[in-house]
Amino acid sequence: MDFIPNTDSGRREMLEDIGVNSLEELFSDIPDNLKVERGLVGEEAETELELKESVKEIADRNEKPGDRVNLIGAGLYDHFIPSVVSHVTGRSEFYSAYTPYQAEISQGTLTWMFEFQTEIAELTGMDIANSSIYDGGSAAAEAVLMAQEYLGKDKVIVSETLNPRYKEVIKTYLPLEEKQVIELGTRDGRVDRIQLDNILSSEDSIAGLVLQSPNYLGIVEDLEGLKEVLDDSFLIVSSNPISLGLLEPPGSFGADIVVGEGQPLGNPINFGGPLLGLFATRKDYLRYLPGRVSGKTVDRDGNEGYVMALQTREQHIKRERATSNICTNQALNALAATVYLATLGPSGLKSLAKINWDKSHYLADKLTDLEGIELSWNQPFFNEFAIEVPGDPCEIWEKMKENGIDLLHPDKLEESGWEDRLLVAVTEKIKKDEMDHFVRLMRNEVE
Amino acid sequence: MTTIFDKSEEGKKGTTFKEESLSELTPEEGLDDGLLRSDELELPEVSKPELIRHYTELSKKNYGVDDGLYPLGSCTMKHNPKSMEDMAKDSRFQNHHPLASEDLVQGNLELMYELGEMLKSISGMAGITLQPAAGAHGELTGMLMIRKYHDDNGELDRRREILLPDSSHGTNPASAAVAGFNAVEVKSNEEGTVDLEQLKSAVGESTAGIMLTVPNTLGIFETDIVEIAKIVHDAGGLCYFDGANLNAFLGRVRPGDIGMDITHFNLHKTFSTPHGGGGPGAGPVAVKQKLVSYLPVPTVEKSEDGYEFDYDKSRSIGKVNSFSGPYGVMVKAYSYIKALGDEGLREVSGNAVLNANYLKEKLKDTYEVAYQGLCKHEFVLSGSGVGEGVKTVDIAKRLLDYGYHPPTVYFPLIVKEALMVEPTETETREALDEFAEAMNSIAEEASENPDLLHESPKTTPVGRLDETKAAREPVLRWRKEGKK
């Protein structure tokens, strides 16, 4: 076995030192009738060469992504990742380390965590951020739990245009019958403010409102005045971090918690994971924050250093009274985001956000020039937009797929009642000629 | 410690993008005043060489399993095979969208399905979800299934208690609480195993289930596990098996065969995927037939037409992950199991247990061992009694000066001044000997010169850090000088 250094003779000597005769004897405390003797996976070990070949064969049964144009977003976006990112995350001092419990030999991890917290707090316009939650959905769910706990209120209003998968995760996390999810509809593709007013005046015990901007349809929500109508109830906003290079951050509108999917920050889509849940909030709520945070302190000689701060909130100390059950988080993905934001810097991120805006608006313009295609809602959007198409959108989807262009299947918009539309996402990786090719194919379909 | 922000200088940058202005509409025109970002973003401004130097410097202030022995109990810090890191980076794995048309990603779905089948077989279970992102996430998933199960049987109103041995991992009671249960502690007996009489008096009409860690946190196999399962089942509860310690009996004992209804795996422990300095992990959850319809959706299934996501689970608790789970981690775990094969799985547990017992043998004369008999993959020592005024934390910090990552300290709580040691199967006998020598020297130092321990570490980038200050005056982000 390539990963086990013990030899037969070494094992014999070790067993002798222990005072037993065989490896099996080390398991003599387990009753025989509880043991399995047969092989469990029915496989012979594969050598590294064999394994690489067999795994490559599996990879070959996927379409080659580079041969296709991906216009699917829906919460995960295919952005360019500079090489420095994987070179840093590929250092095994980072990736083969455990959680930084022993601070003195974990200053590398604790320092970048501190940098990450700063970057995310800056980006979202909030005071503080933690060092990650599993993904955008679980971050939204943790935000709801935190609002409920802080305010002692049990209901939560969830916008129709929050990513439907996040909504499902929130509902899974809130199974208590007394905790209620109230759905808030949309008006012209944005949160319906009149309905919100009605809910707020007719319901009590509202812990918060969860909405997304840019929302699931790509539209930038107008957050102005929302906190004022919510009053004490939490304003919880889920944001695409790349969009914040261009858009006023939720913190400026009085958001209490900002969450989001951090994958676009230097992490590949990876068929859905590992992802990166972002979580930022105000310092007043510090003691209610879920997850790990790195904090600055000093050693005995007064040298600056970092430790895992406020561990008394966490499960390994507080057990059932912890602010969350989270332990393992998405550290390496957060490191990727830290490096990514540092290499882009403020001007790079702004530039990138502008390019995403520019390309998606170019494509939207060209598509809506076609007969019968129009934007579903005439609202500002960032890098994703919904269009109405003449005829059956599923047929168009199929036709595009045959031609190497991947779109979100209209069925995936079904539960919100938007299945007669197509949702299109554009990042800086989509070239102009690819967009023009897509427009030509669409022309053939609709004209 | 200097941060990347301290190295920032206006005007520098590491990555340039070319803006093209293809669209006629600029963001300034297209966004109302209030929507356009108005402040100057305070992100680092550094060139690429400075960036690489900074993070290389930081990496040198870290200690990973590639640097040396990492005997962190209950964390299974074993070698992370490089081949698996490489295979997971294949662009055909990394660049697909989970919402892409399923016929374009048959390879990904096949790998997920096959991994699920292997894990089911390894655990003796009937169904599996690969969605949970970590062990604690798996625990929560399991708790939510237990909850829905009792709800469907009309018994949730009274079944609100989850029984937990006092030696359980901290995530267990926290996960039970997040799912809305009350955690009820069951005292362990002197061997750290579940006290059957205690258990019998604790179970009843209000029992929703039990969460067990096997081997327990003293590294001892729960010999009465079948009896425990029977007591809980007879009371109408379900049995959750915390799979964090699977490395102890991989290929030898299956939770499903010994009365357990639900178990999670830590792919980042048993199946060798790296811990990443805290994550990402993966915590798949496998269940018995009666709970298959409660699994989160989608699961991956095989049909005549190939592999597909299946959303059809009548009693599903819903989704616990935004998409279909940490696929990148799954590729590594799948490859690891393939590299081991049937024999390799047993060799892992055999050598993990051998190494633990061997190391225990080398340390038992200097340190008090919490339990004298054979251990499984880990064992617990006590740091008390090695020297006047010397605490476990002093031993741990002195180990840093010897160039080691210390064992898990102060856990389990049932052992005074605990040091929980898990060497794993990927260490050599020589490495274990050297570590034992270091531990034994420290014990000598503790009696001869305890101050040496109190003052350690001396050789690390920083000395012992003030955690109280970090809690009382929390500084959790960098600020520009003069800025509030």
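In strand β13 of chain B, B:Met420 is the bridge partner of B:Val380. This is a predicted model, where local features need pLDDT of at least 70, side-chain atom pairs count only at pLDDT 80 or more, and totals for chains, interfaces and linings use all residues. Residues are numbered from 1 along each chain as its sequence is written, while chains are lettered from A and ligands numbered from 1 in the order in which they are written.

**Exercise 1.** Find which strands form the open sheet in chain B, and in what order.

Solution. Start with the rules: strands are DSSP runs of E, at least two residues, and helices are H or I runs of at least four, numbered from the N terminus. Two strands pair if DSSP finds at least two bridges between them. Now take β11 (379-382) and β13 (418-421) of chain B: they pair in the antiparallel sense over 4 bridges. Extending this gives 4 strands in the order β10-β11-β13-β12, with antiparallel pairing. The edges are β10 (368-369) and β12 (408-409), each pairing on one side only.

**Exercise 2.** Work out how α10 and α12 of chain B are arranged.

Solution. First, the numbers: α10 (327-363) and α12 (429-448) pack at about 30°, with axes 9 Å apart. Axes are lines fitted to C-alpha atoms, for helices over the stretch in contact, and angles run from 0 to 180 degrees between N-to-C directions. Next, apply the cut-offs: under 35 degrees is roughly parallel, over 145 roughly antiparallel, 65 to 115 roughly perpendicular and the rest oblique. So α10(B) is roughly parallel to α12(B).
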